[in-house]
Amino acid sequence: MNRSLWRKAVALTLTAAMTAGLTACGGGGNSTSADGKKRYFKADYLSDLPDSFNDTTSNIQFKGDVMYYTSSNEDYTKSGLYSYNLITGENAQLYEQAQSDGSGNSSWVSGYTVADSGEVYLFVTKNQMDESSVTEDYSDATLDDVLSYMADQWGYSAEDAEKDWNDYYAKDYTDENGNVNYGRFLLAQNARFIQTSSILKVDTSGNIAFEQDMDLGANAENVSCNGIAVDKDGNLYLALNTWSNNDSGNSVSSDEYFTLVIGGDGSQKGRIPSDGYTSRLVGLADGTVASIGYGDAGCELRPLDVGAMKEQTDKAIEVPSDTVSVLDEKNLLVTEGSSVYKYNLDTKEKEEFFSWMDCNISSSSVSSYGVLSDGRIAAYLQNWNSNGNQTEIALIKEVDASEVADTVNLTLACMWTGSDVEEKVIAFNKSQDKYHITMKSYGDGAEEYEDAVNSFNTAVTSDSNIDLVLFNDYSQAINFASKGLNVDLYGLLDKDTELSRDDFLPNVLTACEYDGKLAILPQTFTLQTVIGKADDVGTTPGWTVSDMKALLASKPEGTQLFWGMDRTSALTALMSLGYNDFINWEDASCNFDSQEFIDVLDFANMFPEEFEYRDDMEEEDSTVLLSQGKQLLDTYYLSDFEQVQMYRAIFGGPTTFIGYPTSEGNGAMLSLNNIIGISNSCKDVDGAWQFLRTFYLPKKSSDGDSDYTYGFSIRKDDFEKYCQNAMKADSDGGSTWGWGEFEVEIQPATQEDVDQVKDLVYNTTAVSGAVSDDITNIINEEAAAYFSGQKSAEDVAKIIQSRMQVYLSETK
């Protein structure tokens, strides 16, 4: 994980129109309340939604029992705002506007909010062409003129220009009588557009109560609305970001953030300044409005004082995230990871309310949700896949345990939840009625990364209630296996009637073994290696530290191995695979006091203590340095056959995946994705295997591409098929890669490309991430004394040997 990212009892008249959720699938989700009692939830899905609720639907909001949304007609020339009562099924169109006027001008709803009374306030933005900014006369333009423009200015072929004109542009320049204004299209490509904004108030019957143009100031040539809310007195709040264009007509950096306050009659009452970006505005239970943004303490909720026109920063309340929904006067619902928590504004404590996964819903698919009058949660779900945008409305309610099928619940522990594994869990839970997988995350919502890692490591090695483990990295998996905590997956695989060892890449299985047992299985993998120019490194992958040292010595002074390398990063690069030369994982022994390791320290010490970055380096990025021979190597993360074509262009000739230096092997490492193992305390090992095997079963012909995952499959047939397909021409015309000053039209992979990659894959068992941070820290801490001249390399090597031996013995 990238740490910088470390940082979501009314009877229904619609019963016949609903399909069962978890009950139909034989599984029920559960959460634990503050008093320790199990709580069970079930999700039902609306299947008979209005025609206006379609693939174009967006901006869903829930207010009481009513769902509000916007959607467009088939050709996107008109859009409307609609309401749908989730209890009664009543549907109404509240507002409609033309998105295009047939002459190049456009308008759209930038945001809206609903008052408790049901009245709707809309913030509408318009782009109007300034015809006076163009002197050329296009009044006699024809279709040929338009197509010629698209070909000359945009690089279209004649066929593509006509197709895209008909598919995408013609409708914007066609009036209600079907007349096409070709001149307006050409005028629009050269004219300046003026953006204006207005506020509309629409009553519950869809009548416009008022429409008021907004004066946002001379610098507000562009505006974005980040939040909109209305208070109990009918005042409207708009969190805006406005900016202007430079003399060239291009947008420049943001000028101003503020919340504009509009009175009930449409008049502007004033502005509330903001120190920075406002994530959203929230109407609180007491009828006031607060902004949510990020301050020194993190995400915070700041009440707005309309009288003083200021954010009440002195009354700011720290909240876990900006994804909130008001439950009552004292509590918010806050989404973090796959769970929704009840967050008390007074005590700052949170209690899990329910888990999306317990309801067989992927948290990544939840776009918005709200609380209905009968206590159910209404959620708008959006799933993007190869079949397009699929949307659903789920209604989640708490149920008695008797309503949930009697299943064996298996807990899958993880550092954080991910959409690809979530979808596998959901599909499994829906597929049968004997087992139910519950994901327990130790990272979602955690304040500190290290605390989350420690909690996860402690849990998976001591909690007997954990059945499966989704490891954060390979070193965690090895530590788990070294303690004998894993089930040997070979025993389960060999008994499987649909899977066998022959279905998998043999080297991946070897890499996942510990003490002769199959400890883990990943979902996919990529390769991490080092690439260099064949003229420099030869054509055969694999080399030693001495080889690398000799290459650098043969080059002019100032030549870099990797861009920006200092002593510490050099040591890291040299040890990327070197740990295998100095550590025997299975008997917990090491030999860091060897001459080979002393040579590693000596080579790393050749580099500067700190890399000195100069201003002129902005013009010499890696692509320039590599092409000029001033940089010899680059780290390569191999997950396809395309990027290597870019490197050949940059190096100016054939390249070799030379790899990281090591005493044996090709120097490449497997990077394993979604690593899962079964705990030896698992309450039902066969049930856990029934879930794990779903990652590796052959794909059915109807599966399509909707289950795409990053990296290569560890199934041998899938990997071989991928290699074969890489040599076929792209039916969509291929793609172009650009990096720095280089641009390459990607061609089908050659047989030589495929053979190189296959040779690496089938002959690589080393795994990236095999070494924990603790081991890296020991080496770097002690090496610093040698780099600074305080100790000799021999003395440092002995100290590292001693500390490492103690560490390996303690963690065995």
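## The four-stranded sheet

In this predicted model, four strands form an open sheet in the order β12-β13-β14-β15, and their pairing is antiparallel; two strands count as paired if DSSP finds at least two bridges between them, and strands themselves are DSSP runs (E, at least two residues), as helices are (H or I, at least four), with both numbered from the N terminus. The edges of the sheet are β12 (222-230) and β15 (268-273), each of which pairs on one side only. From one strand to the next the twist averages 25°.

Within this sheet, strand β14 (residues 256-262) pairs with β15 in the antiparallel sense over five bridges, and Phe-258 stands opposite Pro-273 in β15.

## Basis of the values

Residues are numbered from 1 along each chain as its sequence is written, and side-chain values use heavy atoms, with hydrogens and water left out. As the model is predicted, local features need pLDDT of at least 70 and side-chain atom pairs count only at pLDDT 80 or more, whereas totals for chains, interfaces and linings use all residues.

## The β8-β9 hairpin

Strand β8 (residues 106-114) and strand β9 (residues 120-130) run antiparallel and are joined by eight bridges; the bridge partner of Val-114 in β9 is Val-120. The two strands form a hairpin with five residues between them, and Gly-118 in the turn has a positive phi of about 95°.

## Aromatic rings and charges over them

The structure holds 39 aromatic pairs, where rings of Phe, Tyr and Trp (its six-membered ring) pair if their centres lie within 6.5 Å, and planes under 30 degrees apart count as stacked, over 60 as edge-to-face and the rest as tilted. In one of these pairs, the ring centres of Phe-353 and Phe-354 are 5.8 Å apart and the planes stand at 65°, so the pair is edge-to-face. Phe-353 is buried, with a relative accessible area of 15%, and Phe-354 is buried with a value of 0%; buried means under 20% relative accessible area, exposed over 50%, and partly exposed in between (1.4 Å probe, protein chains only). Elsewhere, ring pairs link Tyr-149, Trp-154, Tyr-156, Trp-165, Tyr-169, Tyr-173, Tyr-182 and Phe-185 into a cluster.

The ring of Phe-353 also has the charged end of Arg-39 sitting over it, 5.3 Å from its centre, and Lys-350 lies over the face of Tyr-341, at 4.8 Å from the ring centre. A charge sits over a ring if NZ of Lys or CZ of Arg is within 6 Å of the ring centre and within 35 degrees of the ring normal.

## The α18-α19 helix pair

The axes of helix α18 (residues 716-726) and helix α19 (residues 751-762) come within 11 Å and cross at roughly 155°, which makes α18 roughly antiparallel to α19. Axes are lines fitted to C-alpha atoms, for helices over the stretch in contact, with angles running from 0 to 180 degrees between N-to-C directions; angles under 35 degrees count as roughly parallel, over 145 as roughly antiparallel, 65 to 115 as roughly perpendicular and the rest as oblique.

Most residues other than glycine have a negative phi. Asn-360, however, has a positive phi near 60°; Asn-360 lies in the loop between β24 (350-355) and β25 (366-371), and is buried, with a relative accessible area of 3%.

Ala-588, which is not a glycine, has a positive phi of about 55°. Ala-588 is found in the loop between β34 (583-584) and β35 (589-590), and is buried at a relative accessible area of 9%.
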